[in-house]
Amino acid sequence: MMNWKERSGLGRGVRASKRWPAAALLALACALPAPLVQAQLPTLGDTSEMNSSAERKLGERVARELYRDPDYIDDLVLDEYIHDIWQRLLDAARARGELTAELDDRFAWQVLLGKDRIINAFALPGGWLGLQLGLINVTATRDELASVLAHELSHVTQRHISRLMTQQNRQAPWMIGAMILGALAASKNPEAGNAMMAGGQALAMQNQLNFSRDMEREADRIGFGVMTQAGYEPQGFVTMFEKLQQAARLNDNGAFPYLRTHPMTTERMADMQSRQQLAGRPVAPAPDLVHAMMVGRARVLSNPGVDGLHSYAGEAEGAQMAAAPRARQVGTLYAAALASSKLREPAAATRLAGKLAVVTAGDERAARLARLLEAEVALAAGNAAPAAALNAGSGGRPEVLLSSQARVNSGHAADAAQRLQTWVALHPRDAQAWQLLGAAYTAQGQTMRAIRAEAEAQMAHLDYQAAMDRFKAAQELARKANAGGGDHIEASIIDTRARQVESLLREQALER
Ligand SMILES: [Zn+2]
């Protein structure tokens, strides 16, 4: 299940850790299994920080492994939803001066989704943020989701991570990276995690994997300001707290790593409540069809087992459905249609998606998501027409990629390639679009271009070695083709890109 252990050199890291002094530490945010003890961490007055480009490089090292993990998911629809909230929070952090121009420019500011059911969100070095679908599953409103993201964002903008990293300055970056990955793996599988951190160092290390209490309070305070400035309801912060606190009382089975790193103290709760009072009278959240649909989607994607899918598929048939509030109906129908599609029951999936379209009519954003689901369900059943008919001119990533996929599937690959070329020119880091473009080229027999597109997909996921292998294969092909007068423009693009990757690889080798 956890493949990054072998790949990240974690085995080496664990053995090496035996010689770590107890106070040497590692870092990372809110993902780590740790007791509620706060160890000797730098105080907020301590200004020593890892510089931002070193932090970015360390983050890349970790992100590269996360992209390769089977848990990573690039879901067109959820990704767009989270991206939108994240961008609003970033804008607010800029406007408030929390996000400096230097960090804005140097860090990645990207959210990586994981399809695990565990409730977790964590900030990584260099502006990457990890979010497990399990956390989306338990949110009732987008405000609650925004509150968690804003809190994690603030750990990064306040340089909490860099301060923790500084404590590691005697460790090689690969070792810090391996430890972060190890801690993330441990958060998913508490038993394996404990075994991994076996020995006398385990407790000492875990104690140091946390932000200090002061850092948590600062992330609460700044995060609250950022999320309210971004237009989210302050009560989302409080209800999310209450929810997590309640969950903490009921569960101690490792499903809530976020709680182990974020103790929901009475003090933090009181702070939150007084902040909310200052912000004004709580208002009842407006029914949010879009959020209900996104929770339905996250639940299905994080529960891929047949039993789970059957239970989601069956929920829409209950007699109480008709009496349920509209948002609940919409969320249930969405999950049921998607689950039926995953169960390869296309007739049921189509019927439920059609029902969803009726119930969402009049709410423009919800109706769009219903159309996307209809297209997705049809595409999975071998009918490309609804996806091909999506309005790719709308500029939405799901529309562009789904309609391109439909064109590749239905023998219009040239059309798809043209559309995707335009898209990747504007979004060169979109790995999924590059992959699809590769498939479109392959379908047209344009092998050299297909290989380059695959290389670009690897680049987007920071896997320079895999990209280099593809570029070399493409160069080889170009040499052979040249004999018969090949594609000179494409060949020269490939040469240029190969040189760029070579220098990135050299840089990487020096960092070790
Ligand atoms: Zn935190």
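**Close-up 1. Helices α16 and α20 run roughly parallel to each other.** This view, like the others, comes from a predicted model. Helix α16 covers residues 289-301, and helix α20 covers residues 364-380. Their axes come within 8 Å and cross at roughly 30 degrees. Angles under 35 degrees count as roughly parallel, and therefore α16 and α20 get that label. The crossing of the two helices is left-handed.

**Close-up 2. Side by side, α16 and α20 meet through named residues on each helix.** From α16 come L289, V290, M293, M294 and R297. From α20 come R365, A366, L369, A370, L373 and E376. Sorted by class, this contact has eight nonpolar residues and three charged ones.

**Close-up 3. F107 and W109 form a tilted aromatic pair.** The structure holds four aromatic pairs, and F107 with W109 is one of them. A pair of aromatic rings is described by two values: the distance of the centres and the angle of the planes. For F107 and W109, the distance is 5.7 Å centre to centre. The angle between their planes is 45 degrees. Are these residues buried or exposed? F107 is buried, with a relative accessible area of 3%. W109 is buried too, at 7%. Buried means under 20% relative accessible area.

**Close-up 4. F224 and F237 pair up across two helices.** The ring centres of F224 and F237 lie 5.7 Å apart. Their planes stand at 55 degrees, so the pair is tilted. F224 sits in helix α12 (residues 213-229). F237 sits in helix α13 (residues 235-250). F224 counts as buried, at 6% relative accessibility. F237 is buried as well, with a relative accessible area of 1%.

**Close-up 5. F224, F237 and F241 form a cluster.** What links F224, F237 and F241? Ring pairs join these residues into the cluster. Both F224, at 6%, and F237, at 1%, are buried.

**Close-up 6. S341 is a buried residue in helix α18.** Helix α18 covers residues 326-342, and S341 lies in it. The relative accessible area of S341 is 16%. The cut-off for buried is under 20%, so S341 counts as buried. Which residues does S341 touch, not counting those up to four places away in sequence? S341 touches A349, V377 and A380.

Notes. Residues are numbered from 1 along each chain as its sequence is written. This is a predicted model: local features need pLDDT of at least 70, side-chain atom pairs count only at pLDDT 80 or more; totals for chains, interfaces and linings use all residues. Side-chain values use heavy atoms; hydrogens and water are left out. Axes are lines fitted to C-alpha atoms, for helices over the stretch in contact, and angles run from 0 to 180 degrees between N-to-C directions. Helices (H or I, at least four residues) and strands (E, at least two) are DSSP runs, numbered from the N terminus. Angles under 35 degrees count as roughly parallel, over 145 as roughly antiparallel, 65 to 115 as roughly perpendicular and the rest as oblique. A crossing is left-handed if the near helix is turned anticlockwise from the far one by less than a right angle, and right-handed if clockwise. Contact means heavy atoms within 4.5 Å. Ala, Val, Leu, Ile, Met, Phe, Trp, Tyr, Cys and Pro count as nonpolar, Asp, Glu, Lys and Arg as charged, and the others, Gly among them, as polar. Rings of Phe, Tyr and Trp (its six-membered ring) pair if their centres lie within 6.5 Å; planes under 30 degrees apart count as stacked, over 60 as edge-to-face and the rest as tilted. Buried means under 20% relative accessible area, exposed over 50%, partly exposed in between (1.4 Å probe, protein chains only).
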